[in-house]
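Let's walk through a protein model together, feature by feature. Have the sequence and the 3D view open as we talk.

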Amino acid sequence: MKLNEAQIEDLTGKVFRTIVSNGKDGILQSELWKELDLTSRDGSRVAIRLERRALIRREKMLENGRWTYKLFAKKLPIDTSSIEAAPCLTCPVEHMCSLDGSYSPITCNLVEDWLVMSLNLANNRRQEPAPEAEQAK
């Protein structure tokens, strides 16, 4: 069954969202086609369309003795969780805060505490074992 233009456009959005959801690790074309129940022909057409729009990049690779492509999103969503807890967003004296004022981010204990907490969280995330490593044990 040949897809019409509206179906291809809808499929393009689904494929792109799936690629983005796989983050910086990307996803093999074959895995993507299975996940979305696509033929390799339709899936390849959509991947090429996304590549032409500069939304993804395709890297040719050998997987289980067969050539395939791994698909990566060129831009991933930004994680805003670190700034969501910034004390400046709810600070009652933010309007008076400046680098050389009596209220300054340089001397603010709230900013200092937030930075230390953010750095600790980032370091803890880097030290956590990858899920694959835990499964191998």
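**Helices, faces and loops**

Q: Which residues of H1 and H3 meet each other?
A: On the H1 side they are Glu 5, Ile 8, Glu 9, Leu 11, Thr 12, Val 15, Phe 16 and Ile 19, and on the H3 side Arg 45, Val 46, Arg 49 and Leu 50. Contact here means heavy atoms within 4.5 Å. Helices (H or I, at least four residues) and strands (E, at least two) are DSSP runs, numbered from the N terminus. By class, this contact has seven nonpolar, one polar and four charged residues. Ala, Val, Leu, Ile, Met, Phe, Trp, Tyr, Cys and Pro count as nonpolar, Asp, Glu, Lys and Arg as charged, and the others, Gly among them, as polar.

Q: What should I know about the model and its numbering before going on?
A: It is a predicted model, in which local features need pLDDT of at least 70 and side-chain atom pairs count only at pLDDT 80 or more, while totals for chains, interfaces and linings use all residues. Residues are numbered from 1 along each chain as its sequence is written, and side-chain values use heavy atoms, leaving out hydrogens and water.

Q: How do I describe two packed helices?
A: Give the angle between their axes and the distance between the axes. The axes are lines fitted to C-alpha atoms, for helices over the stretch in contact, and angles run from 0 to 180 degrees between N-to-C directions. Here the axes of H1 (residues 5-21) and H3 (residues 40-52) come within 9 Å and cross at roughly 75 degrees. That makes H1 roughly perpendicular to H3 (under 35 degrees is roughly parallel, over 145 roughly antiparallel, 65 to 115 roughly perpendicular, the rest oblique).

Q: Which residues of H3 are buried, and which are exposed on the face turned away?
A: Buried means under 20% relative accessible area, exposed over 50%, and partly exposed in between (1.4 Å probe, protein chains only). In H3, the buried residues are Asp 42, Gly 43, Val 46, Ala 47 and Leu 50. They cover an arc of only 130 degrees around the axis, which puts them on the same side of H3; the arc is that of the directions from the helix axis to the C-beta atoms. These buried residues pack against H1, helix H2 (29-36), strand E2 (56-63) and strand E3 (66-73). The face turned away carries the exposed residues Ser 40, Arg 41 and Arg 52.

Q: What span should H5 have?
A: The expected span is 1.5 Å times one less than the number of residues. For the 19 residues of H5 (residues 109-127) that gives 27 Å, and the end C-alpha atoms are 27 Å apart, which agrees. Val 111, Trp 114 and Ser 118 are buried in H5. Their arc is only 65 degrees around the axis, so they lie on the same side of H5. What covers them includes helix H4 (81-84). Asn 109, Asp 113, Leu 119 and Gln 127 are exposed on the face turned away.

Q: Where is Asp 37 found?
A: Asp 37 is in the loop between H2 and H3. Asp 37 also has a positive phi, about 55 degrees, although it is not a glycine.
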